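Biologist: I am new to this structure and would like to go through the terms used for it. Could we take them in turn?

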Amino acid sequence: MLLPPAVFEVSDAAVRFGEVRALDGVSLAILPGECIGLVGHNGAGKSTIVSVINGGLTPQQGEIFSDGTRLAPYGIGVARNRGVRCVFQELSLCPNLSIIENTRIMHRTLGGFGWRARARAIIAASLDAVFPGHGIDVGDQVGVLSIAQRQMVEIAMAFSDAGQPPRLVILDEPTSSLDAGLATQLLAHVRRFVAAGGAVILISHMLNEILETASRIVVMKDGKIVAERAAGGFDHAGLVKAMGSVATHQATARRSTGASQSVLDLPMAKGQPFRACKGEVVGLAGLGGHGQTRMLLALFDHHAPQWWPRRDPAVTFVAGDRRENGIFDRWSILKNMTIATLSDLSRRGLLQDGAETARGATWKTRIEIRTANMENPILSLSGGNQQKVLFARALSTRAPVVLMDDPMRGVDVGTKQEVYGIIRTEAEAGRTFVWYSTEMEEMQLCDRVYVFREGVIVAELTGDAISEHNILAASFEGTAA
Amino acid sequence: MKALFAKPWIWSFVAAVSVWLATIGVTGGASTVGLSQAALTFAAFSVLVGIGQMFVITLGPGNIDLSVPATMALAGTVALKYMDGQNGLVLHGLIIAIFIGGGVGTLNYALIKALRIPPIIATLSMSFVVQSAAIWTNRGLRIKPPQVLADFTTSTSLGIPNIALVALLMSAVAWVLLHRTPYGRWIMAIGQSLPAARMAGIAVDGNRFVTYLFCAILAAICGYLLACFSGGAALNMGSEYLLMSIAVVVIGGTAVAGGDSNVPGIWGASLFMFLVVSMLNTYGVGAGVRLIMTGVIIITVILLASGRKDAIR
């Protein structure tokens, strides 16, 4: 059988961000008349491969072909000229301009006298084609549209044709803000577009959409393609399994928690309520950005002091985004560590240098902060050691509850193991930990795990039920109870 | 020596001493004592408002108190009007001034917090309200201060002006607050990173409120003393202290972006600001040229001070 040349082909692409391999030798060819479903959990490399294809990111290694010819140099402009269109999760329209004006920005060739009329015709036609009966006035400013309407315009923009037809449309979570009816319309349009010879890459966490729409499914994990089959080759369970790792080992033994007293409650507007008991390590799992951080912040804001300092704080927080809400970069390691416990380190309102130094020395040995002198600037430490300082800051408070917002981001394996040990010890001593993490193995260290989807808790897993398979299954649509 | 030159405040003192030497060099040392005492007196007023402004600037980008001059005017006029030249009411007057400062500070932060107005707008609009209140109470009258206070503010103890001693005392209190108490650490943390400070469990609103309160109270005390020193409250007596309060903070080596402040630099900068003008006056430079040169000299000192920070990083 003679295949037509691929609309687009990436061969052996590798992208590294520092020590992180975002893409590790990925080859992917997209033929005309094909809809590729791209799945994998967070950090698998889906967005990276999309950026490589649309020209936003130049891989350190690998080649890019289109219609059998190699494209070099390659960039966003070249990609657009080849008919590559992208719809991102983060909406990219200018909110202060009308839909017509946004169309003009997207299509450079639209310029010249009377462009408004031409742009109006083009975008209106595309909206009508994708979402019949959409009810959007294309003269409206984007800012007044609802989030779903913006997403619709964004999608219609990608499929619109201003003299240069789209050939490959990349849809990154296109249905995340659309309701079921609109999603059905979109997927129907994708099928029509593909039947007419177009190519589509569809990224979605809604596995049913992928299974129904894609003609070929590509599963990514840790920057590699781990499975690739025609759509019929997967069912829902098989797809979930392909995304997870095959062998999962138990990292530590977990205790089954009895009915001990609850120290932290948060009623949720929807879904299951949140509850944490004394001495428990509670995990917050699910795909990134599905409400875990928001809930941690809500818990923190509810208990943190605003006007009057508290000697006995109810909660303490370990930030994952060190640069944004963790460290104070003008200060020494010691000052960074003791900032949360200054009331304990002062007498009659005055800071006690001796007490502060002693506190620093204790924690320096206890969690092995690798520095010659605690007076050194915080920025002299490696990322992992900075994170340890943040742990020391939180653990040295008297707060009975520690909230952790993906605290192991960018921390090396050795440090992680040390911190896991500390968390375990502290939990046994009666501290409660609420731990959001995108890493599966960290969830397996928890006593109980809440799985989030779209801002609500959709499942609660306890003890041996905490497994990568169960978490993934609950994270994706359709399988959770 | 090297450690000394790494201090952010050293340049303001280097500048102040150089200008002082350049001035008494011309007069042949004849006016040394007079010049020094005048410098200390006038610097003291700048120090008082400068310390308050420094605490506010410590809170981080966007934090500034523009209501300082109006607060000075209102506190000065109301206190003097109440005391009405009677020696027995000196303390009452001071307490009234402090209360006015407290009121302005509270309203400032109320505007910032409740209406979510940026501090620069909130304190500026507050200053119009306060200034109008001062005009309303004063009605253009010039009331004499109680004789005790007039004497106290214009005389010296052991050769040092009393006003300078008051400012020195306040500076010591400010230094302890900034470096030896949790409060000082907290506001410096807030200035470096507001989200990080919040996540570290610092009571951000409480600390910011107290800081705006402190700044307004210092401005009010300064207005009270200045009104007594200059023989009566005038509505425009605070006007030059708006720029002065900010300039002495910046020249003193405090980070404009917040989170890194120092008290000694305020003194160096305040002395410098007064001495530059008297030096140029001594040289007989015309008013226009004097303003230009003042500007150029200030820019030079700031450049020197910021060059130091780059060298460290």
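Biologist: What makes residues 39–59 of chain B a "transmembrane region" here?

Modeller: The name comes from the UniProt annotation in an unreviewed entry, which also covers residues 119–138 of chain B, among others; such annotations may be inferred rather than shown by experiment, with positions given in the numbering used here and feature names shortened. This is a predicted model, in which local features need pLDDT of at least 70 and side-chain atom pairs count only at pLDDT 80 or more, while totals for chains, interfaces and linings use all residues. Residues are numbered from 1 along each chain as its sequence is written, chains are lettered from A and ligands numbered from 1 in the order in which they are written, and side-chain values use heavy atoms, leaving out hydrogens and water.

Biologist: How do you know what share of residues 39–59 of chain B is helix?

Modeller: Helices are DSSP runs (H or I, at least four residues), and strands are runs of E of at least two; residues 39–59 of chain B are 95% helix and 0% strand, with end C-alpha atoms 30 Å apart. Residues 119–138 of chain B are 100% helix, and their end C-alpha atoms lie 27 Å apart.

Biologist: What makes residues 8–243 of chain A a domain?

Modeller: An automatic or database domain assignment sets the bounds, and chain A is divided into domain 1 (8–243) and domain 2 (262–475).

Biologist: How many residues of domain 1 of chain A are in contact with domain 2 of chain A?

Modeller: Contact means heavy atoms within 4.5 Å, and 6 residues of domain 1 of chain A meet this with 7 residues of domain 2 of chain A.
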